[in-house]
Amino acid sequence: AAASSAGVASSAVLTVALSDAPSSTASCLTSLAALAASFFRAFSEPSSLTTASLPSRPDAAPPPPAAAGGGIDLLGLEDALPAPAAALALAPGASLDPAVFQQQWGALPTADSWQHRTSLSVPLEQLSARFGTRHVKTMAFGTVGDASKFYFFAREAGAADTLLLCELVVTRSTGVAAATIKATAPAPVPLFSSLVRELLSS
């Protein structure tokens with residue numbers, strides 16, 4: 001408002017001065033008066049300067065993209081989960097000559113041995129058939145006194161040269177089984193040994 005009053009006052013002063021000035025001077029003063037009035041009018045109005053004409057602050061960096069595959073595992077639970085257990089695939093049509101079995105059994109070192117208390121739901125006389133359902137074949141078996149002895153063999157599916165052999169001695173009075181495992185390759189031994197335990201535990 002003060003600026004507007006100043007503008008009006010200045011225009012009045014210049015108008016008064018124009019009435020007493022020569023024509024050439026009056027013309028110059030007229031232009032000066034118009035310029036002054038324009039200046040004071042612009043000064044009294046809100047500034048035309050907008051934030052768009054000012055250098056803008058750089059935008060904040062966007063958040064990093066979420067990892068593909070879902071949410072973030074904040075607790076590390078995914079790492080704590082055990083990997084799915086591998087399964088041993090055995091050849092269903094495996095066969096072996098008794099002489100070869102005897103030769104391999106005498107030549108191969110023991111790959112694993114353990115004792116395990118059985119909890120069978122079938123009598124020992126049906127143990128051979130039970131192993132057969134998992135493609136573990138019986139080479140020979142028999143009972144002498146309190147001990148029943150079994151010789152089993154299997155071949156890994158897709159690897160016919162991998163031979164797995166097992167001697168199993170079960171003490172009938174205690175139900176304790178003693179196993180000796182031999183193999184032509186070490187890789188499948190842990191899974192084969194676990195399979196034998198499983199067949200003795202259900």
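The model on screen is predicted, so local features need pLDDT of at least 70 and side-chain atom pairs count only at pLDDT 80 or more, while totals for chains, interfaces and linings use all residues. Residues are numbered from 1 along each chain as its sequence is written, and side-chain values use heavy atoms, with hydrogens and water left out.

**Stop 1: Ser148 and its surroundings**

Ser148 lies in strand β3. Helices (H or I, at least four residues) and strands (E, at least two) are DSSP runs, numbered from the N terminus. Display the side chain of Thr143 as well: the side chain of Ser148 makes a polar contact with it at 2.8 Å. A polar contact is a pair of N or O atoms within 3.5 Å; within protein, one must be able to donate a hydrogen and the other to accept it, and residues adjacent in sequence count only if both atoms are side-chain atoms. Leaving aside neighbours within four places in sequence, Ser148 is in contact (heavy atoms within 4.5 Å) with residues including Leu124, Leu168 and Arg172.

**Stop 2: The strands on either side of β3**

Next, select residues 137–144, strand β2, together with residues 147–156, strand β3. These strands run antiparallel and are joined by seven bridges; two strands pair if DSSP finds at least two bridges between them. Within this pair, Lys137 stands opposite Phe153 in β3. Which residue in the turn of this hairpin has a positive phi? Gly145 does, at about 65°, and the hairpin has two residues between its strands.

Glu156 stands opposite Ala159 in β4. In the hairpin of β3 and β4, two residues lie between the strands, and Gly158 takes a positive phi near 80°.

**Stop 3**

Remain at Glu156, which lies in strand β3. Is Glu156 buried or partly exposed? At 24% relative accessibility, Glu156 counts as partly exposed. Leaving aside neighbours within four places in sequence, Glu156 is in contact with Leu88, Ala89, Leu90, Ala91, Thr162 and Pro188.

Now select Ala91 from that list; Ala91 lies in the loop between α3 (77–80) and α4 (98–107). Apart from neighbours within four places in sequence, its contacts are His135, Arg155, Glu156 and Ala157. Ala91 and His135 are 44 residues apart along the chain, and their C-alpha atoms are separated by 6.6 Å. Glu156 and His135 are 21 residues apart in sequence, with 9.7 Å between their C-alpha atoms.

**Stop 4**

Select Val189, Phe192, Ser193, Leu195, Val196 and Leu199, the buried residues of α6. Seen down the helix axis, they fall within an arc of 155°, so they line one face of α6; the arc is that of the directions from the helix axis to the C-beta atoms. Elements covering these residues include β1 (112–117), α5, β3, β4 and β5.

A nonpolar core is a set of buried Ala, Val, Leu, Ile, Met, Phe, Trp, Tyr and Cys residues joined through side-chain atoms within 4.5 Å. The largest core has 24 residues, of which Phe131, Leu168, Phe192, Val196 and Leu200 touch the most other members. Two or more residues each come from α5 (127–132), β3, β4, β5 (176–183) and α6 (189–199). The largest share, five residues, is given by α6.

**Stop 5: Two salt bridges**

How many salt bridges does the structure hold? There are two, a salt bridge being a side-chain nitrogen of Lys or Arg within 4 Å of a carboxyl oxygen of Asp or Glu.

Select Arg172 and Glu125, whose side chains meet in a salt bridge (2.8 Å, N to O). Arg172 is in the loop between β4 and β5 and Glu125 in the loop between β1 and α5, 47 residues apart. Arg172 is partly exposed, with a relative accessible area of 35%, whereas Glu125 is exposed at 54%.

Finally, select Glu198 and Arg134, which form a salt bridge with the closest N and O atoms 2.9 Å apart. This pair links helix α6, which holds Glu198, to the loop between α5 and β2, which holds Arg134, 64 residues apart.

Notes
Buried means under 20% relative accessible area, exposed over 50%, partly exposed in between (1.4 Å probe, protein chains only).
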